[in-house]
Amino acid sequence: MDRPSVSALATIAEQEPQDLQSYLDKVVHLQFFADDAIYHEIFRGHTFPNLETISLDANELNNDESLEPYLRPKLKRFRFYGGPISDAFLEKLQNSCPHLEELLIDNPRDLISPEGFLRFLDGAKSLKYASVIYGMGRVITDSVFIALATKSDLETLELQKRITADLVSKAVNQQARSGAEGRLFPRLSKLACVAQSDGIAALLPHLSQLNSLDVVIERGDAPSNEVENLLQDISTYCPNLRAMALECMAAESVYISPQSLVQLAQKLNQLEKLCISGENMAVEEFDTSHFASMAKALPRLETLRLLFNCRLTEAALVEAAKSCEALTVLEIWGTYDLRNLGEIEVSFPRLKTLELGQLVPPPVPADAVATEAAGTAKLLKRIAPSLEQFNIASADPFGKMVSREVDDI
């Protein structure tokens, strides 16, 4: 009984209170869903001596005092999704859990200060995974980022702090002043962040060991080819990537050449996940020939999202089926006449999610459109027998009808 539900433990506390501690001694993993927080009071005065992982959904009852029973020396993973915890709690967490490897903190109700978090980082000698995304904006100051960047054992970092070239320069200078040698984030294998393009470009030379990169780009005053240059830098400095996601947030249009995407795929041929998107991104010359080159270079792909204006058609689905047999998620914009696949041998045995830009409506009378939509849905299920979800990115009435029909099959 190393993974009991909190409600099951609460039942034991009510029916067999004399035996509760013997059950708690066996608990290794514990997950509190939102309403489970009412049971914190039951565990007051008890201990969880073998607890290694705790996950707590957001609740106002998650506070410094109520969480104290779970802070034990064997705790390795602390995942906290919201509640009023303070610097004092972080100090208890650090002192009580010397083997803590993973920390996720969301929405601590502004009770954690940058200074308190810095003290925690300084004392958390075993920390390898840090996720500080939601509600932690005021905590992750430049000084905190620099402390994370120079923490030698950190392997995974997820944060919302905007990375700029100036911030990276400060971190490099701080490392030099401390007498340390080598790169920032020397063991980081996974990074999820928000950055200006020059900021992530400045950081990339330090990330040659990275295998997962998820970055939201906020454009500053930079040349129009900044995203193309960034794609080239990513493939140059991070050749071992298995997962890459790049989202470009820009009020103005962003243009990328098709060849830059092909070259990215050819250099990062171990990718299992590739996502490139942007509301105002356009790769207007990107067509089936470019897509085919990308697909051939990426035979291990399981997830592919290319969400930008382009010239892809149903022929791209044929190429994806030929080269990427492991696909489970495929989301690509463009315009698709799926009727043209009726006589072609196309198969996606593992595909569960498919999203296309828009569908070409059938040239039939209005009263026959529903029948065509049902036929298209059956075609999709024949091509992808494991398909669970089909979506259309645009406001496409026919596509929405097909989507509903897929749901009903």
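**Close-up views of a predicted model**

**View A. Helices H9 and H10 side by side.** Pro258, Leu261, Val262, Ala265 and Gln266 of H9 touch His290, Ser293, Met294 and Ala297 of H10. Sorted by class, this contact between H9 and H10 brings together 6 nonpolar and 3 polar residues, with no charged ones. A pair of packed helices is described by the angle and the distance between the two axes. Here, the axes of H9 (residues 258-267) and H10 (residues 288-297) come within 8 Å and cross at roughly 10°. H9 is therefore roughly parallel to H10.

**View B. The two faces of helix H4.** Which residues of H4 are buried? In this helix, spanning residues 114-123, they are Pro114, Gly116, Phe117, Phe120 and Leu121. These residues lie on the same side of H4 because they cover an arc of only 160° around the axis. Look to the face turned away from that buried side, and you will find the exposed residues Arg119 and Asp122. The cover over the buried residues of H4 includes helices H3 (87-96) and H5 (142-149), along with strands S4 (102-105) and S5 (129-132).

View C. Ser212 belongs to strand S8, residues 212-218. Is Ser212 buried or exposed? Its relative accessibility is 15%, so Ser212 counts as buried, the cut-off for buried being under 20%. Setting aside neighbours within four places in sequence, you can trace contacts from Ser212 to Ser189, Lys190 and Leu191, and also to Leu241 and Ala243.

Note on methods: Residues are numbered from 1 along each chain as its sequence is written. This is a predicted model: local features need pLDDT of at least 70, side-chain atom pairs count only at pLDDT 80 or more; totals for chains, interfaces and linings use all residues. Side-chain values use heavy atoms; hydrogens and water are left out. Axes are lines fitted to C-alpha atoms, for helices over the stretch in contact, and angles run from 0 to 180 degrees between N-to-C directions. Helices (H or I, at least four residues) and strands (E, at least two) are DSSP runs, numbered from the N terminus. Angles under 35 degrees count as roughly parallel, over 145 as roughly antiparallel, 65 to 115 as roughly perpendicular and the rest as oblique. Contact means heavy atoms within 4.5 Å. Ala, Val, Leu, Ile, Met, Phe, Trp, Tyr, Cys and Pro count as nonpolar, Asp, Glu, Lys and Arg as charged, and the others, Gly among them, as polar. Buried means under 20% relative accessible area, exposed over 50%, partly exposed in between (1.4 Å probe, protein chains only). The arc is that of the directions from the helix axis to the C-beta atoms.
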